[in-house]
Amino acid sequence: MLFHDTALIYGRYLRQSLRSRFALLFGVLMPLLYLLFFGPLLTDLPLGGRGSSWQVLVPGLLLQLGLFGASFAGFSVIIENGQGVVERMRVTPVSRLALLLGRVLRDATVFAFQAVLLVLAAVVMGLRAPLPGVLIGFAFVALLTVSLASLSYALAMRVRTPQEFGPTVNALTMPSMLLSGLMLPMTLGPGWLDVLSHLMPFRYLVDAVRDAYVGSYATAHMLYGTLVALAFTALAVTVGTRVFRTAGA
């Protein structure tokens with residue numbers, strides 16, 4: 001029943017996304033602008049890592065896509081709450097976990113598609129990376145999307161208005177971006193900043209994907225990144241499911 005219910009919710013929201021093709025393409029706009037206008041500035045610069053500047057920048061942009069896109073996914077729940085959609089779903093026998101999983105799997109599908117577009121544009125710009133490494137990057141984007149979208153939906157179930165939701169998400173995502181080394185490796189900064197960044201879970205995902213993009217798969221960065229991504233996803237889905245079960249009860 002969980003699989004059946006999740007498939008129903010997933011199909012409903014995926015059809016909504018497919019009807020809004022403009023939103024699908026607009027979601028990848030910000031990372032694409034970074035790629036086009038910021039990437040060429042890094043060409044041939046010593047960035048403190050292995051591989052080319054594109055192998056440093058593109059993994060960060062992929063995770064930036066998941067970070068900002070999934071963090072704001074909860075706006076749709078606020079709208080549905082106001083229209084009574086969520087409440088009507090919760091009075092049905094559908095699994096509470098399915099109500100969450102259907103949404104976050106739709107988000108993961110959308111952001112994986114946008115990640116493919118971003119990587120294709122990066123290849124045109126000069127990116128050269130092994131195919132297994134690129135696929136690993138997509139997997140990390142999917143896990144990050146599932147975890148952050150789950151927390152975003154949970155937050156949206158707790159707040160009343162977009163005016164409360166937006167500033168809260170901004171206050172969390174901006175430090176996450178700055179301290180995770182999404183744009184440039186944190187090893188380029190002062191030692192205290194590098195140490196502080198290790199308290200940010202997304203730092204481990206960025207390091208893992210950058211290793212994958214240079215063909216290094218059996219590394220400590222890959223191990224830590226995988227463990228953090230799986231643990232964070234499990235925690236986020238658990239929190240999101242609990243909120244969907246209890247909010248408004």
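This is a predicted model: local features need pLDDT of at least 70, side-chain atom pairs count only at pLDDT 80 or more; totals for chains, interfaces and linings use all residues.
**Overall fold**

The protein contains 12 helices and zero strands. Read from the N terminus, its elements run α-α-α-α-α-α-α-α-α-α-α-α. The radius of gyration is 18 Å, close to the 18 Å that the globule rule gives for 249 residues, so the protein is as compact as a globular protein of that length. Along the principal axes, the C-alpha atoms fill a box of roughly 60 × 40 × 35 Å.

**Surface and core**

Of the 249 residues, 48% count as buried. The protein exposes about 12,000 Å², and carbon and sulfur atoms supply 72% of that area.

In soluble globular proteins, nonpolar side chains tend to be buried together. In this model, the largest nonpolar core has 66 residues. Those with the most contacts inside this core are Val-58, Leu-62, Leu-63, Phe-140, Tyr-153 and Tyr-213. Helix 8, which covers residues 131–158, gives the most to the core, with 12 residues.

Which residues does Phe-140 touch, leaving aside its neighbours within four places in sequence? Its contacts are Leu-63, Leu-205, Ala-208, Val-209, Met-222, Gly-225, Thr-226 and Ala-229.

| Residue | Relative accessible area | Class |
|---|---|---|
| Ser-176 | 8% | buried |
| Phe-38 | 24% | partly exposed |
| Leu-105 | 35% | partly exposed |
| Asp-44 | 75% | exposed |

Ser-176 is found in helix 9, residues 162–180. Is Ser-176 buried or exposed? Its relative accessible area is 8%, and the cut-off for buried is under 20%, so Ser-176 counts as buried. Beyond its neighbours within four places in sequence, Ser-176 is in contact with Leu-67, Met-200 and Phe-202.

Phe-38 and Asp-44 both belong to the loop between helix 3 and helix 4. Helix 3 spans 29–37 and helix 4 spans 53–71. Phe-38 has 24% relative accessibility and therefore counts as partly exposed. Leaving aside neighbours within four places in sequence, Phe-38 is in contact with Leu-33, Leu-57 and Met-183.

Asp-44, at 75%, is exposed. Asp-44 and Trp-54 are 10 residues apart in sequence, and their C-alpha atoms are 9.8 Å apart in space.

Leu-105 sits in helix 7, residues 96–125. At 35% relative accessibility, Leu-105 counts as partly exposed, since that class lies between buried, under 20%, and exposed, over 50%. Its contacts, setting aside neighbours within four places in sequence, are Thr-6 and Tyr-10. Leu-105 and Leu-182 are 77 residues apart along the chain, and their C-alpha atoms are separated by 24 Å.

Key. Residues are numbered from 1 along each chain as its sequence is written. Side-chain values use heavy atoms; hydrogens and water are left out. Helices (H or I, at least four residues) and strands (E, at least two) are DSSP runs, numbered from the N terminus. The radius of gyration is taken over C-alpha atoms; the globule rule is 2.2 Å times the number of residues to the power 0.38. Buried means under 20% relative accessible area, exposed over 50%, partly exposed in between (1.4 Å probe, protein chains only). Accessible areas come from the Shrake-Rupley method with a 1.4 Å probe; for residues, only the protein chains shown count as cover. A nonpolar core is a set of buried Ala, Val, Leu, Ile, Met, Phe, Trp, Tyr and Cys residues joined through side-chain atoms within 4.5 Å. Contact means heavy atoms within 4.5 Å.
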